[in-house]
Amino acid sequence: MAARRTDGMSGGLRPLTGGPLTRAVRPLRRLIAGRADTRRPTAGQAGDRAAPAGRRRALSAGLAAATVVTTVSALWLGFQVHEQRAAEQRRQDILAAARQSALNFTSLDYRHYDRDSGNVLKGATGDFKKQFAAQTQELTELVAQNRSVSEGQVLEAGLVRSDARTARVLVVADSKVTNTAVPKGEARTYRLQLDLVREGGRWLTSDVEFVG
């Protein structure tokens, strides 16, 4: 009976046009009509909305910082790996050059000594190259007179020290030498100390010393 009232004149029922029921369905009518509720949020509602936004900003900042740290770490590790690979490649290049130089130095044949001495000079530089070139004529005559043949073989090579431009290597080599004095051949073992320098993208021998 509270949901209707009696009109004294007609005695019929009249729908409610005001009161709590109309206020309760008003937001529903606005929603159906496509109109949003334009009332301002309360302080509690605004705080509830601001809290997730603050958490999102903090999360974004944390992710950005983590990304920076990860990127810097990856770059540093990449640089370290690159340096290690470059150092190992340099070591291999130095040892290869020293082995070849020692092989050339301990391999000669009086029948084509010009070629053999030329191989030594190709891998040489500095004073060593000058001195060896200056003695080429004398050495050519000496090996021809003695009919000398030396077949060299590198047994071991070890890096003593190196930097970007210089290096020192110890090489153990042996050779079978035949000449007029030992026509059946004689085995000899050499310990050579080679100093190398990097020139024009190559490692060249600048000094050779017999150390044992």
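Of the 212 residues in the protein chain, 22% count as buried. The model is a predicted one.

**Overall architecture**

- Read from the N terminus, the elements of the protein chain follow the order β-β-α-α-β-α-α-α-β-β-β-β.
- Among contacts between residues at least 6 apart in sequence, 51% join residues at least 24 apart.

**Largest pocket**

- The largest pocket holds about 430 Å³ of space. Its lining comprises 21 residues, and those closest to the centre are Phe105, Leu108, Val143, Ser150 and Tyr190.
- At least two lining residues come from each of α2, α3 (113-122), α5 (136-146), β5 (166-178) and β6 (186-199).
- Helix α3 gives the largest share of this lining, with 4 residues.
- Sorted by class, the lining of the largest pocket has 11 nonpolar, 8 polar and 2 charged residues.

**Second largest pocket**

- The second largest pocket has a volume of about 180 Å³.
- Its lining consists of 14 residues, and Ala97, Gln100, Gly123, Arg202 and Trp203 lie nearest the centre.
- Elements α2, α3 and β7 (202-210) each provide at least two residues of the lining of the second largest pocket.
- Helix α2 makes the largest contribution to this lining, 5 residues.
- By class, 3 nonpolar, 7 polar and 4 charged residues line the second largest pocket.

**Salt bridges**

- The count of salt bridges comes to 5.
- One of them joins Glu88 and Arg91, whose closest N and O atoms are 3.6 Å apart. Both residues belong to helix α2 (residues 43-106) and are separated by 3 residues, about one turn of the helix.
- Glu88 counts as partly exposed because its relative accessibility is 38%, and Arg91 is likewise partly exposed, with a relative accessible area of 35%.
- Another salt bridge links the side chains of Arg115 and Asp116, at 3.3 Å from N to O. Asp116 has a relative accessibility of 8% and therefore counts as buried, since the limit for that class is under 20%.
- A further salt bridge brings together the side chains of Arg188 and Glu186, with an N to O distance of 2.9 Å. Arg188, at 32% relative accessibility, counts as partly exposed, and Glu186, at 34%, is also partly exposed.

Terms used
Residues are numbered from 1 along each chain as its sequence is written. This is a predicted model: local features need pLDDT of at least 70, side-chain atom pairs count only at pLDDT 80 or more; totals for chains, interfaces and linings use all residues. Side-chain values use heavy atoms; hydrogens and water are left out. A salt bridge is a side-chain nitrogen of Lys or Arg within 4 Å of a carboxyl oxygen of Asp or Glu. Buried means under 20% relative accessible area, exposed over 50%, partly exposed in between (1.4 Å probe, protein chains only). Contact means heavy atoms within 4.5 Å. On a 1 Å grid over the protein atoms alone, a cavity is a set of points where a 1.4 Å probe fits but cannot get out, and a pocket is an open set with protein on both sides within 12 Å along at least five of seven lines; lining residues have an atom within 4 Å of a point. Grid points are joined across faces, edges and corners, and a volume is the space filled by probe spheres set on the points. Ala, Val, Leu, Ile, Met, Phe, Trp, Tyr, Cys and Pro count as nonpolar, Asp, Glu, Lys and Arg as charged, and the others, Gly among them, as polar.
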